[in-house]
Amino acid sequence: MSEKTIKAQATGRNGQIDFDINVDHERITDIKVTKSSETPGIFKQVVGKLKENIIENQSFDVDAISGASIMTKAMLDSGKKALEESGVSVASHLKKAEHKNVTLEVDVAVIGSGMAGLMAACRALAMGKTVLLIEKNGYLGGATILNGSNVVGTGSKVSAKLFGNKAQDDSPALLAKDISRECRGTNYPVLSNLLVNNIGKAVDFITEFADLTYQKAETQTIEHTVDRQIEMPSESSFELISKVSEAFLKKGGQILRETRVEKLNKNEQGQLVSLVAESKYETVKVNFKSLVMAAGGWGARDYREHKTDIPYYGPMTSMGDYFDFAKNMNLVSRNLDWYKIYPHGLEVEPGIAKLTTYSTKEASDMGAIFVNTSGKRIVNESAPYTHFRDAIATQKDKLAFVVMDERTWNKFYELLLKYGFTADEIQGFFNLEGKKSPILVKGDLQTVAQKAGINCANLQKTLANYAEAVKSGIDTEFGRPAQYMHEYVGDIYYVIEQKLRFCTTLGGYETNNHMQLLDKEFEPISNFYAAGEIIGGANGHDSMPSMMNSWSYASGFVAGTEAADNANSCQTSTAPSVDMDAATGATHK
Ligand SMILES: Cc1cc2nc3c(=O)[nH]c(=O)nc-3n(C[C@H](O)[C@H](O)[C@H](O)COP(=O)(O)OP(=O)(O)OC[C@H]3O[C@@H](n4cnc5c(N)ncnc54)[C@H](O)[C@@H]3O)c2cc1C
């Protein structure tokens with residue numbers, strides 16, 4: 001048999017994945033994805049690995065990729081089926097891997113490949129240390145990879161270049177003031193000061209280390225009193241994570257993927273000396289001088305344990321594994337119920353949200369109003385999102401609706417398709433006829449009100465009052481500026497629900513100003529550092545846009561510096577630990 005292309009179709013997390021399987025003389029030679037709506041930064045990384053495994057083993061019976069198992073398992077199953085149905089035979093040589101025990105020795109071990117972990121790892125490497133980064137997922141980047149890469153450049157040479165003289169309007173003190181205002185003084189000054197005084201150094205360090213280019217962020221959000229937000233040219237953290245991890249590997253750092261840290265070991269003197277991590281075919285013991293824990297937030301855990309009724313929209317891998325594996329370290333934590341809450345959510349599955357931010361913003365610019373179940377407006381629709389968020393939070397059912405005419409809906413729909421929704425998915429919402437979330441209904445005013453469960457008489461009155469406000473240019477109820485008030489056109493209405501959503505946790509473990517974790521006696525643990533979302537408090541109970549990324553950069557930079565310094569002066573013995581049996585047959589490096 002000569003060359004043949006077999007078409008396969010899988011159902012991923014976000015919709016259909018189409019791919020071609022190329023076969024030549026009983027050999028799978030290539031897998032080419034032709035359509036997908038999966039998160040690009042994750043998809044690109046895992047499909048590359050999946051393809052490599054399939055071709056190496058000439059089989060679709062290989063393992064799915066950790067952290068992306070839904071989409072990769074779906075591709076493996078449908079690829080196998082498509083191959084069988086095509087009648088094409090392939091000479092498979094699936095290797096059965098034996099389980100191994102491996103021991104590694106490094107100066108600095110880092111848990112987690114989000115920006116906090118990568119920053120710490122790069123910094124320690126640049127300071128001449130041997131560094132191993134351990135990541136449980138089959139892809140790098142954690143929650144970081146899902147964001148737009150925006151960060152503040154306060155005090156950096158990068159900002160001085162991008163903003164010119166205007167960069168001088170900014171300062172660490174001004175940034176500290178903004179942080180404190182936004183979270184109404186709930187921030188912990190030691191950590192906020194560490195953030196504002198190190199963000200510039202961190203930005204400049206990583207720019208040079210990974211040869212990065214930043215641009216002024218396309219959107220300079222109003223929460224910041226001056227322009228200071230910068231981002232990758234692609235406006236995606238995929239670019240950031242790819243370039244930084246490539247530079248780290250090129251300069252001699254090591255990364256273990258699909259390897260989950262499950263245990264921390266102390267020696268007989270009670271010092272932290274090693275960790276144990278499990279991958280599919282290896283138990284890895286890592287002896288280190290310093291450990292940096294940058295294992296992200298735990299929003300998915302709180303969603304699974306129903307700790308909050310706010311729908312979650314972050315990665316399912318933010319599971320807070322450390323609450324289990326670091327128990328023996330008696331770490332002290334704070335504000336574990338602080339979440340970064342946004343409005344603009346659709347509850348697409350029970351407890352799971354997807355965001356409509358871009359669509360909703362456009363709808364409010366085009367004059368749409370936001371009402372509650374009583375059919376009454378709840379906010380100045382053109383005010384910052386925090387007003388809308390707080391207005392939803394005060395509704396008994398924590399629910400609001402955007403009411404649109406067809407003209408506004410068309411734009412809303414276009415932006416839904418651009419930002420994460422598929423046409424089939426949206427049709428599915430309409431098919432629910434308002435009987436359950438996510439509510440999305442279309443029709444005349446009476447129909448939409450009845451289907452969405454909104455008081456129709458009040459809604460009619462609200463729209464009539466709004467029409468008056470549009471005419472006079474004065475919104476007596478909420479003071480919405482005239483430029484954002486527009487007349488409704490036609491008699492077809494679209495109504496879509498708006499719920500609160502969260503993904504980022506804002507509390508966490510406590511550290512001192514060296515990013516050293518504290519035990520329950522509030523004593524720092526000499527060689528145990530942490531960085532990023534796992535550490536709570538720098539931004540208080542409400543973070544400004546870009547500030548969680550900024551925290552990852554600054555805290556990662558300090559943790560990496562301190563971990564490297566500690567390794568230089570380290571007296572910690574790496575003798576066998578008390579509770580870990582020597583990993584027999586281990587290879588030493
Ligand atoms: C959709 C979305 C949009 C966002 N938008 C913004 C924004 O615009 N601006 C902003 O400032 N912030 C934003 N955030 C928040 C910000 O992305 C995070 O706070 C930040 O990226 C956290 O970085 P981190 O390195 O601490 O954690 P992460 O990036 O989550 O990395 C932690 C890593 O640790 C790994 N890990 C966990 N446990 C283990 C274990 N046992 N063994 C091995 N590895 C482990 C995880 O798999 C993960 O890869 C957003 C978050 C999300 C989800």
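The buried residues of helix H5 (residues 172-182) are covered by elements that include strand E7 (151-152), helix H6 and helix H16 (547-568), where helices (H or I, at least four residues) and strands (E, at least two) are DSSP runs numbered from the N terminus. The model is a predicted one, in which local features need pLDDT of at least 70 and side-chain atom pairs count only at pLDDT 80 or more, while totals for chains, interfaces and linings use all residues. Residues are numbered from 1 along each chain as its sequence is written. In H5 the buried residues are Leu175, Asp178, Ile179 and Glu182; a residue is termed buried if 20 or more other C-beta atoms lie within 10 Å of its own, exposed if 12 or fewer, and partly exposed in between, with C-beta atoms placed from the backbone. Seen down the axis of H5, these buried residues fall within an arc of 100°, so they line one face of the helix, the arc being that of the directions from the helix axis to the C-beta atoms. An α-helix has 3.6 residues a turn, so residues three or four places apart point the same way. Just after H5, Arg184 takes a positive phi of about 50°.

The axes of H5 and H6 (residues 189-209) come within 9 Å and cross at roughly 140°, where axes are lines fitted to C-alpha atoms, for helices over the stretch in contact, and angles run from 0 to 180 degrees between N-to-C directions. The two helices, H5 and H6, are therefore oblique to each other, since angles under 35 degrees count as roughly parallel, over 145 as roughly antiparallel, 65 to 115 as roughly perpendicular and the rest as oblique. H5 passes H6 in a right-handed crossing; a crossing is left-handed if the near helix is turned anticlockwise from the far one by less than a right angle, and right-handed if clockwise. Pro172, Leu175, Ala176 and Ile179 of H5 make the contact with Ser192, Asn193, Val196 and Asn197 of H6, two residues being in contact if their C-beta atoms, placed from the backbone, lie within 7 Å. By class, this contact of H5 with H6 has 5 nonpolar, 3 polar and no charged residues, where Ala, Val, Leu, Ile, Met, Phe, Trp, Tyr, Cys and Pro count as nonpolar, Asp, Glu, Lys and Arg as charged, and the others, Gly among them, as polar.

H16 also takes part in a crossing with helix H3 (residues 115-126), in which the axes come within 7 Å and cross at roughly 35°. The crossing of H3 and H16 is right-handed. Residues that make this contact include Met115, Ala116, Gly117 and Cys122 of H3, together with, among others, Asn549, Ser552, Tyr553 and Phe557 of H16. By class, the contact of H3 with H16 has 12 nonpolar, 7 polar and 1 charged residues. Ser546 lies in the loop between strand E24 (524-530) and H16, and its phi is near 75°, a positive value in a residue other than glycine. With 26 other C-beta atoms within 10 Å, Ser546 is buried.

Cys122 is also touched by Val244, whose other contacts are Leu118, Ile206 and Ala210, not counting residues up to four places away in sequence. Val244 is found in helix H7 (residues 237-250) and counts as buried, with 24 C-beta neighbours inside 10 Å. Although Val244 and Glu208 are 36 residues apart in sequence, they are 10 Å apart in space, C-alpha to C-alpha.

In helix H10 (residues 357-365), the buried residues are Ser359, Thr360, Ala363 and Ser364. They cover an arc of only 130° around the axis, which puts them on the same side of H10. These buried residues of H10 pack against strand E16, strand E19 (400-405), helix H12 (406-418) and strand E21 (493-505). H10 is followed by Gly367, whose phi is positive, near 105°.

Further backbone features occur in loops. Most residues other than glycine have a negative phi, and most peptide bonds are trans. Asn335, in the loop between strand E15 (333-334) and E16 (339-349), has a positive phi of about 50° although it is not a glycine. Asn335 is partly exposed, with 17 other C-beta atoms within 10 Å. A cis peptide bond, with omega about -5°, joins Ser437 and Pro438, and Pro438 is found in the loop between helix H13 (423-431) and strand E20 (440-443).
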